[in-house]
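Let's take a walk through this one together.

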Amino acid sequence: MASPTDMRVLVIDDQLSMRTLIQNSLRELGFRQIETAADGMAGLETIIATRPHLVLTDYNMPHLDGLSVLKGVRSHKAIRNTAVFLLTGRSDQELVKRAVQFGVNNYLVKPFSTATLKSKIEDVFGVLA
């Protein structure tokens with residue numbers, strides 16, 4: 001069982017409204033240690049500095065897209081085991097295949113519900129306690 005109160009989460013999305021919605025969903029699920037970043041470059045720097053347990057990153061962002069964030073995480077020894085979920089506004093099977101090749105842990109198509117987010121997290125971390 002995973003305890004949301006013990007887990008550090010980073011939400012990377014260039015849209016403030018989406019970051020806020022995801023934070024609210026995570027709080028509903030019991031997460032308290034939530035950080036955000038407004039683009040992939042800032043997000044990757046935050047991952048390296050804070051080593052979160054879970055990263056939720058949008059795919060389509062300026063400076064560094066979500067796939068590049070994923071590649072950066074997987075290529076950096078200290079953070080390569082971080083769970084990374086890719087968020088996308090489109091259900092593009094080619095994108096999903098590429099993300100799987102680079103080691104994505106899960107993905108969500110926006111918009112998604114809190115229940116869907118919970119299910120995807122539990123797929124990777126086990127039942128949330």
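**Starting from the core**

Leaving aside residues up to four places away in sequence, L56 touches V9, L10, V11, I12, I22, L26, F85, L87 and L117, where touching, or contact, means heavy atoms within 4.5 Å. A word on what you're seeing: this is a predicted model, in which local features need pLDDT of at least 70 and side-chain atom pairs count only at pLDDT 80 or more, while totals for chains, interfaces and linings use all residues. Residues are numbered from 1 along each chain as its sequence is written, and side-chain values use heavy atoms, with hydrogens and water left out.

L56 is among the residues with the most contacts inside the largest nonpolar core, which has 20 residues; I22, L26, F31, L117 and I121 are the others named there. A nonpolar core is a set of buried Ala, Val, Leu, Ile, Met, Phe, Trp, Tyr and Cys residues joined through side-chain atoms within 4.5 Å. Buried means under 20% relative accessible area, exposed over 50%, and partly exposed in between (1.4 Å probe, protein chains only). At least two residues of this core come from each of β1 (8-12), α1 (16-28), β3 (54-58), β4 (83-88) and α5 (114-125). These labels follow DSSP runs numbered from the N terminus: helices are H or I with at least four residues, strands E with at least two. Another core, of 19 residues, lies apart from it and includes A37, L70, V73 and V104.

Now look at two helices. The axes of α2 (residues 40-50) and α3 (residues 66-75) come within 9 Å and cross at roughly 25°; axes are lines fitted to C-alpha atoms, for helices over the stretch in contact, with angles from 0 to 180 degrees between N-to-C directions. The pair is therefore roughly parallel, a label for angles under 35 degrees. Their contact is made by G40, L44 and I47 of α2 with V69, G72 and V73 of α3.

Over in strand β4 sits T88, which is buried at a relative accessible area of 5%. Among the residues T88 touches is K110, and a cis peptide bond joins K110 to P111, with omega about -5°.

Most residues other than glycine have a negative phi, and most peptide bonds are trans.

Methods: Parallel < 35°, antiparallel > 145°, perpendicular 65-115°, else oblique.
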